[in-house]
Amino acid sequence: EISSIADSRRLIVELNERESILIKLRENVVKDIRVVESNFLKEKAAIRNKYSINQKSGITGLIRGSSKSKLIKELKQLDSKSKTEIEGLKEIRYLIDDLMIQFNELKDPVNRSMKERFGN
């Protein structure tokens, strides 16, 4: 319940400030997701490069084990790590989106109430 124009305006200003903070947070989370994706691609290329340079054939390859299986194992670990990080960041982004929807749902009744009670 809003008792005055001043209270209404203070509430709207506070909601707008918090919404602005959420927008900035969301932008940062989106950037972080892109960074994780970019790092994943760089690390994946580095791993592939490492195993293409160290390819051994013959007896030393048999003794040390298949570099292909090591490559696959490292790539799977990297993929799993990257997916975990990205999923966590996406969950944060979804929470921020939900909060922004809630702020909009709060602002609409306040704006309508101000217009009904005090005009424009």
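Let's start with Glu19. Leaving out residues up to four places away in sequence, Glu19 touches Phe103, Asn104 and Lys107. Contact here means heavy atoms within 4.5 Å. Glu19 sits in helix H1, residues 5-53. Helices are DSSP runs of H or I, at least four residues; strands are runs of E, at least two; both are numbered from the N terminus. Is Glu19 buried or exposed? Buried, at 12% relative accessible area. The cut-offs: buried is under 20%, exposed is over 50%, partly exposed is in between, with a 1.4 Å probe and protein chains only.

A word on the source. This is a predicted model, where local features need pLDDT of at least 70, side-chain atom pairs count only at pLDDT 80 or more, and totals for chains, interfaces and linings use all residues. Residues are numbered from 1 along each chain as its sequence is written, and side-chain values use heavy atoms, with hydrogens and water left out.

Now the overall layout. The chain has three helices and zero strands. The pattern along the sequence is α-α-α. Of the 120 residues, 22% are buried. Take contacts between residues at least 6 apart in sequence: 86% of them join residues at least 24 apart.

On to the core. By nonpolar core I mean buried Ala, Val, Leu, Ile, Met, Phe, Trp, Tyr and Cys residues joined through side-chain atoms within 4.5 Å. The largest one has ten residues, including Leu15, Leu22, Ile96, Met100 and Phe103. H1 and helix H3 (67-118) are the elements that give two or more residues to this core. Another core lies apart from it, with six residues, among them Phe40, Ile47, Tyr51 and Leu78. Back to Leu22. Beyond its neighbours within four places, Leu22 contacts Ile96, Leu99, Met100 and Phe103.

Last, charges. Side chains of opposite charge can pair when their charged atoms come close. How many salt bridges does the structure hold? Five. The criterion is a side-chain nitrogen of Lys or Arg within 4 Å of a carboxyl oxygen of Asp or Glu.

Lys50 pairs with Glu74 at 3.1 Å, N to O. This pair links distant parts of the chain: Lys50 is in helix H1, Glu74 in helix H3, 24 residues apart. Lys50 is partly exposed at 37%, and Glu74 is partly exposed at 21%.

Glu14 bridges to Arg18, closest N and O atoms 2.9 Å apart. Both lie in helix H1, four residues apart, about one turn.

Lys83 and Asp79 meet at 3.3 Å, N to O, in a salt bridge. Both are in helix H3. Lys83 is exposed at 51%, while Asp79 is partly exposed at 28%.
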